[in-house]
Amino acid sequence: MELGGKDPAYVRADADVEYSAVEIADGAVFNSGQSCCAIERVYVHETIFDEFVKKMVDELKGYKLGDPNGRSLS
């Protein structure tokens, strides 16, 4: 679906909210968001908006900033 550029995602009212949140979080922060196809904008149907935001926040809280190879950043 073409949504006007800026690499959007659209979450319909009948979407699997948990699956959508996990996949969109990954799509937004993959390669630190420096991928040319990283999700930059998310449209969520109003009937599932609050649930989606909670799932997205929960998913992103589990992410850890650091070297993907486990080396110290200091």
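Mentor: Gladly! Let's begin with a term: a salt bridge is a side-chain nitrogen of Lys or Arg within 4 Å of a carboxyl oxygen of Asp or Glu. Keep in mind that this is a predicted model.

Trainee: Why is the pair of aspartate 58 and lysine 54 called a salt bridge?

Mentor: Set the distance against the cut-off. The closest N and O atoms of aspartate 58 and lysine 54 are 2.9 Å apart, and the limit is 4 Å, so the pair counts as a salt bridge. Both residues lie in helix 2, four residues apart, which is about one turn of the helix.

Trainee: How many salt bridges does a search of the whole structure find?

Mentor: Three. One of them joins lysine 55 and glutamate 18, with the closest N and O atoms 3.5 Å apart. Lysine 55 belongs to helix 2 and glutamate 18 to helix 1, so this pair ties together parts that are 37 residues apart in sequence. Lysine 55, at 29% relative accessibility, is partly exposed, and so is glutamate 18, at 46%.

Trainee: Let's turn to helix 1. How do you know what span to expect for its 13 residues?

Mentor: At 1.5 Å a residue, 18 Å is expected for residues 17-29. Helix 1 reaches 18 Å from its first C-alpha to its last, close to that expected value.

Trainee: Which residues of helix 1 are buried, and why are they said to be on the same side?

Mentor: The buried ones are Val17, Ser20, Ala21, Ile24, Ala25 and Gly27. They cover an arc of only 165 degrees around the axis, which puts them on the same side of helix 1. Their cover includes strand 1 (8-11), strand 2 (41-44) and helix 2 (49-61).

Trainee: Why is serine 20 called buried?

Mentor: Its relative accessibility is 12%, and buried means under 20%, so serine 20 qualifies. Leaving out residues up to four places away in sequence, serine 20 touches Val11, Ala15 and Phe52.

Trainee: What is found at the start of helix 1, and what follows helix 1?

Mentor: At the start, a side-chain oxygen of aspartate 16 reaches to within 3.3 Å of the backbone nitrogen of glutamate 18. Helix 1 is followed by asparagine 31, which has a positive phi, near 55 degrees.

Trainee: And what pattern does the protein follow along the sequence?

Mentor: The pattern is β-α-β-α, with two helices and two strands. Of the 74 residues, 22% are buried.

Note on methods: Residues are numbered from 1 along each chain as its sequence is written. This is a predicted model: local features need pLDDT of at least 70, side-chain atom pairs count only at pLDDT 80 or more; totals for chains, interfaces and linings use all residues. Side-chain values use heavy atoms; hydrogens and water are left out. The expected span of a helix is 1.5 Å times one less than its number of residues. Buried means under 20% relative accessible area, exposed over 50%, partly exposed in between (1.4 Å probe, protein chains only). The arc is that of the directions from the helix axis to the C-beta atoms. Contact means heavy atoms within 4.5 Å. A polar contact is a pair of N or O atoms within 3.5 Å; within protein, one must be able to donate a hydrogen and the other to accept it, and residues adjacent in sequence count only if both atoms are side-chain atoms.
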